[in-house]
Amino acid sequence: MSTPHLINIALHVAAGTLAMAIGFYQLANAKGSQAHRRWGRRFCYAGFAVCASAAAGLALFRFLPNFAVLTVLVLYQLLGGWRSARTRERGPQAADAALTVAAVAAGAWLAPVVLAAGANVLVYSSLGALASVIAYDAARWRFPRRWFARLWRYDHSYKLIAALFGMVSALVGNVVRFGQPWSQLLPLALGFATVGFVFVRLYRQDAARPRG
C-alpha cells in the first residue's frame, strides 16, 4: 500500500473507533440532556470523518461495492438524524429536500455501478435500506405538521442508530474473514432490534405524556 493509502486507512480506523465508542455510549446515556446533545454532535463529526475517509479510499485506492453503498447509506442517515434534531416540530425544510435529492442522485448513479461490479446480499439490502429511507423522507412532506412534534424523536433515533450499526457492519466486513457477506448482516439485524427497543420506549413515553 502507498503512504497516502495507509494514512487514509489510519484516519478511517481512528474515526470509526471513536464514532462507535461514542455511539454505544449514547445508547446508554440519558436522552435529551445537554451531555447527550454534546456527545451526539461529536458522534456525527466522527461519523462524517468515517464517511469522508471511506469515500476517499473507494475513489482513490480500491472500489468495493459493499462499502460504497454502506458509505452513502451511513452518510445519509447521519445527516438525516442530525437534521431531525435541529428541525424537530418544524418538520423537513429546504435543506432536507436538497439532501434527499442528492441521495437519489447518488443512489441512481451508484446502483448500476455496484450491480455491475458484482452485487451480493449486503449490497441489495443496503440499496433497499437507502431506498426505504429516501421514500420515507419524500413521503413525510405530506405529513401534517403537528405530527413532527412527536415524530422527530423516532426519525432521529432510527437514523443515528442505523448509522451506528452500519459502521459496525463495515467493521465486521473488514476484520471478520468467515461467513462473508452474511456476517455483515448480523450487526444490521442487531441495529433493527435496537431501533425496535428504542421505539417501544419512546412510544411508552409519548403515551404517558398528556396531550394538549
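## Surface patches

A patch is made of residues with over 30% relative accessible area and no salt bridge, where like charges are joined within 9 Å and nonpolar side chains (Val, Leu, Ile, Met, Phe, Trp, Tyr) within 5 Å. A salt bridge is a side-chain nitrogen of Lys or Arg within 4 Å of a carboxyl oxygen of Asp or Glu. The model is predicted, with local features requiring pLDDT of at least 70 and side-chain atom pairs pLDDT 80 or more, while totals for chains, interfaces and linings use all residues. Residues are numbered from 1 along each chain as its sequence is written, and side-chain values use heavy atoms, leaving out hydrogens and water.

Arg37, Arg38, Arg41, Arg42 and Arg88 form a positive surface patch. Arginine 42 lies in helix H2 (residues 34–60); helices are DSSP runs (H or I, at least four residues) numbered from the N terminus. Arginine 42 is partly exposed because its relative accessibility is 35%, between the limits for buried (under 20%) and exposed (over 50%), with a 1.4 Å probe and protein chains only.

A nonpolar surface patch consists of Met1, Leu6, Ile9 and Val13, which together have about 400 Å² of accessible area. Methionine 1 belongs to the segment before helix H1 (3–28) and is exposed, with a relative accessible area of 71%.

## Cysteines

With a disulfide taken as a pair of cysteine sulfur atoms within 2.5 Å, the count is zero. Cysteine 44 is in no disulfide, and the nearest cysteine sulfur, that of cysteine 51, is 10 Å away, too far for a bond.

Cysteine 44 is buried, with a relative accessible area of 2%. Cysteine 51 also counts as buried, because its relative accessibility is 4%.

Note on methods
Areas by Shrake-Rupley, 256 points an atom, 1.4 Å probe, with all protein chains shown as cover. Lys, Arg positive; Asp, Glu negative; His and termini not counted. Charge placed at Lys NZ, Arg CZ, Asp CG, Glu CD. Helix = DSSP H or I, 4+ residues; strand = E, 2+ residues; numbered from the N terminus.
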